[in-house]
Amino acid sequence: LAGPIHRYQHFEREVSRRHWHSSEFYVGAERLLLGAFTVIVTSFVYDKFALGYATFVPPEYPFLRSWAVSAIFWVYLYLSFEGLTSVALGLSRMMGLKLEENFDRPWAAAHLTDFWMRWHRTLTHWSRDYIFRPVNAATRQPWLAAIAALLFVGLWHDTTIYFVCWGLWQGLGVVITQVVRGLRPPSALEPLAPWVGRLSVPLWLSLTGPVVKLVAGVSP
């Protein structure tokens, strides 16, 4: 359930080319074991230790505490999600099938738009092809298409007010990113632009939890 979203045409092509080999089996088994190990260790550390660090924020500052929890959760989410994806990809490799990769070093993203093209790539690319492009073609409004695509990603997870706000928040971040990237900074600040873009990714993502809870008035 947490693995990549494999499109039927690609899967059909891989099945037709499937050729089982012992070396591929061992490569797949290694990835499966590493993925399972990552999930088990990550879950243990998250449950036993990681969330405890958020309690260092005094309870009279609920927004800051929620921000700390959200930041820790994104790290946990990536490690566990990538681990579960490796389990799925490892299993398929053991059977002689190569499925699409789901992550491409998302934390190395240059900005938020780049992040979403690297994170859960199979879902993001599906949303790009079947939501963003048709909406953009119909409206000629890339900002509206970006919000629609990320709103779909939110609703993919659950059809609740929380994930509606979650999708709108991520779409807003992409729109702001594109607007800022279209601006030319003063020459003195130009060397800082790449750093600002990279730092904006964890900042915006970690703010997702507290901002969305505040707007939606519910817990995820």
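Q: Buried means under 20% relative accessible area, exposed over 50%, and partly exposed in between (1.4 Å probe, protein chains only). Is Val212 buried or exposed?
A: This is a predicted model, where local features need pLDDT of at least 70, side-chain atom pairs count only at pLDDT 80 or more, and totals for chains, interfaces and linings use all residues. Residues are numbered from 1 along each chain as its sequence is written, and side-chain values use heavy atoms, with hydrogens and water left out. Val212 has a relative accessible area of 2%. That value is under 20%, so Val212 is buried.

Q: Which helix holds Val212?
A: Helices (H or I, at least four residues) and strands (E, at least two) are DSSP runs, numbered from the N terminus. By that numbering, Val212 belongs to helix α9.

Q: How far apart in space are Val212 and Trp166, C-alpha to C-alpha?
A: Contact means heavy atoms within 4.5 Å. Leaving aside neighbours within four places in sequence, Val212 is in contact with Tyr162, Cys165, Trp166, Trp169 and Gly217. Val212 and Trp166 are 46 residues apart in sequence. Their C-alpha separation in space is 6.1 Å.

Q: What does Trp169 contact, leaving aside its neighbours within four places in sequence?
A: Val212 counts Trp169 among its contacts. Seen from Trp169, the partners are Trp204, Leu207, Thr208, Val211 and Val212.

Q: What span does α6 reach from its first C-alpha to its last?
A: The expected span of a helix is 1.5 Å times one less than its number of residues. α6 has 16 residues, for which 22 Å is expected. Its actual reach in the model is close to that, at 23 Å.

Q: Which helices are included in what covers the buried residues of α6?
A: The buried residues of α6 are Ala145, Ala146, Ala149, Leu150, Val153 and Gly154. Their cover includes α4, α5 and α7.

Q: Is Leu51 buried, partly exposed or exposed?
A: Leu51 lies in helix α2 (residues 22–53). Beyond four places in sequence, Leu51 touches Tyr46 and Val69. Its C-alpha is 7.1 Å from that of Ile72, 21 residues apart along the chain. Because its relative accessible area is 31%, Leu51 is partly exposed.

Q: Which residues does His125 touch, not counting residues up to four places away in sequence?
A: His125 sits in helix α5. A relative accessible area of 17% makes His125 buried. The two it touches are Arg7 and Met117.

Q: How many helices does the chain have?
A: The chain has zero strands. Along the sequence the pattern reads α-α-α-α-α-α-α-α-α. The helix count is nine.

Q: What share of the 220 residues of the chain count as buried?
A: The C-alpha atoms fill a box of roughly 55 × 50 × 40 Å, taken along the principal axes. Among contacts with a separation of 6 or more, 70% join residues 24 or more positions apart. The buried share of the 220 residues is 35%.
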